[in-house]
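The sequence and the structure are given first.

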Amino acid sequence: MLAPLCPGTVTLVSGGPGDPGLMTVAGRAAVEQADVLLVDHLAPAGALAWARIDAEVVDVAKLPRGASTSQERINALLVEHARAGRRVVRLKGGDGFVFGRGMEEVLACAEAGVPTRVLPGVSSAVAVPALAGIPVTHRGVVHGFSVISGHVPPGHPTCTLDYAALARAGTSLVVLMGVANLRAVTDELIRHGLSADTPAAVIARGGHPDQEVRVADLAGIASAAVGIAPPAVTVIGEVARYAVPTLLQEVH
Ligand SMILES: C[S@@+](CC[C@H](N)C(=O)[O-])C[C@H]1O[C@@H](n2cnc3c(N)ncnc32)[C@H](O)[C@@H]1O
């Protein structure tokens, strides 16, 4: 079980995909003990009901195209609050070490001499497909999965992904942060030989009451996903056949 939070420390709590019921028991215990909570926009807002009535809640949302708090500012706030002797909880969505910049915060605290604890959580990369009925692996069907960021499109100078390798890897492919670049991603995979018939699904707001699922083949999924707003996860591969659509769009 989780040892009690100590004053002057930071605990990185990975809050899962949005429903507080998907947080870990340790994560909940940390939220209950916190003096101050620094909260991301994809963190489970419902979990704040567990915080002490006198706890300070700081919104440090980093919205992709909206109001945002810089990573440097967040790092500085973590250190500031811990140095003031508070039990600091950094509440994030999913798992803080999966496209969550969690390690940057751990390193900033370490550099400042602030003791830090990391509590892992349920990443949307696995949980959101599951919430739509999709297993990322399935015995006899696929023996692995690759998780990638679609934040920058293929060919972008900062893109480090090898799409040719992904296209022939034989794994399920899970794309996070890929809504805006979905067509570029699917076109690139097809260009590198992944069959245009490969099943695909986009799941938006997984675990929230308005969860939405769109399914199509690889060639059609970008059109099927028109109108979908982030956050969303795309799954490409045979396992996407198991999607349970709440809104099935026919693609012609
Ligand atoms: C900056 S990444 C953070 C991922 C997070 N650390 C994790 O492990 O789930 C944000 C992306 O996660 C995905 N995501 C997070 N929560 C989601 C949800 N409830 N439904 C669908 N996608 C989600 C989306 O692809 C979103 O753009």
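## Division into two domains

The centres of domain 1 and domain 2, taken over C-alpha atoms, are separated by 28 Å. The model is a predicted one. Domain 1 spans residues 9–119 and domain 2 spans residues 124–242.

The two parts touch through 10 residues of domain 1 and 12 residues of domain 2. On the domain 1 side, the residues that touch domain 2 comprise 6 nonpolar, 3 polar and 1 charged.

## The parallel sheet

Five strands make up an open sheet in the order β3-β2-β4-β1-β5, and their pairing is parallel. From one strand to the next, the twist averages 20 degrees.

Strands of a sheet pair through backbone hydrogen bonds, in either a parallel or an antiparallel arrangement. Here, β1 is joined to β4 by 6 bridges, and the two strands run parallel. Val10 has Val88 as its bridge partner in β4. Strand β2 also pairs with β4 in the parallel sense, over 4 bridges, and the partner of Val39 in β4 is Leu91. Parallel pairing over 4 bridges likewise links β1 and β5, where Leu12 stands opposite Val118 of β5.

How many of the 6 residues of β4 are buried? The count is 6 of 6, so this strand is largely enclosed by the rest of the structure. Both of its faces are covered. Arg87, Val89 and Leu91 are buried on one side, and Val88, Arg90 and Lys92 are buried on the other. The buried set of β4 therefore includes Arg87, Arg90 and Lys92 as well as Val88, Val89 and Leu91.

## Helices over the parallel sheet

Helix α1 (residues 25–33) has Gly27, Ala30 and Val31 as its buried residues. These cover an arc of only 100 degrees around the axis, which places them on the same side of α1. Elements covering the buried residues of α1 include β1 (9–14), β2 (36–39), β4 (87–92) and β5 (116–119). The helix lies across β1, β2, β4 and β5, and runs at about 135 degrees to β1.

Helix α3 (residues 102–111) lies across β1, β4 and β5. Its direction is at about 165 degrees to that of β5.

## The mixed sheet

A further open sheet contains 5 strands in the order β6-β7-β10-β8-β9, with mixed pairing. Its edge strands are β6 (145–149) and β9 (212–217), each of which pairs on one side only. The average twist from one strand to the next is 20 degrees.

Both senses of pairing can be seen in individual strand pairs. Strands β6 and β7 pair in the parallel sense over 5 bridges, and Val147 has Val174 as its bridge partner in β7. Strand β8 (residues 199–204) runs antiparallel to β9 and is joined to it by 6 bridges; within this pair, Ile203 stands opposite Val213 of β9.

In β7, 5 of the 5 residues are buried, so the strand is largely enclosed by the rest of the structure. Ser172, Val174 and Leu176 are buried on one side of β7, and Leu173 and Val175 on the other, so that both faces are covered. Helix α4 (residues 124–131) lies across β6, β7 (172–176), β8 and β10 (232–236), and runs at about 80 degrees to β10.

Which residues of helix α6 (residues 182–191) are buried? They are Leu182, Val185, Thr186, Glu188 and Leu189. Viewed down the axis of α6, these residues fall within an arc of 160 degrees, so they line one face of the helix. Among the elements covering them are α5 (163–168), β7, α7 (221–224) and β10. After α6 comes Gly193, whose phi is positive, near 105 degrees.

Key: Residues are numbered from 1 along each chain as its sequence is written. This is a predicted model: local features need pLDDT of at least 70, side-chain atom pairs count only at pLDDT 80 or more; totals for chains, interfaces and linings use all residues. Two strands pair if DSSP finds at least two bridges between them. Axes are lines fitted to C-alpha atoms, for helices over the stretch in contact, and angles run from 0 to 180 degrees between N-to-C directions. Two residues are in contact if their C-beta atoms, placed from the backbone, lie within 7 Å. A residue is buried if 20 or more other C-beta atoms lie within 10 Å of its own, exposed if 12 or fewer, and partly exposed in between; C-beta atoms are placed from the backbone. The arc is that of the directions from the helix axis to the C-beta atoms. Domain bounds come from an automatic or database domain assignment. Ala, Val, Leu, Ile, Met, Phe, Trp, Tyr, Cys and Pro count as nonpolar, Asp, Glu, Lys and Arg as charged, and the others, Gly among them, as polar.
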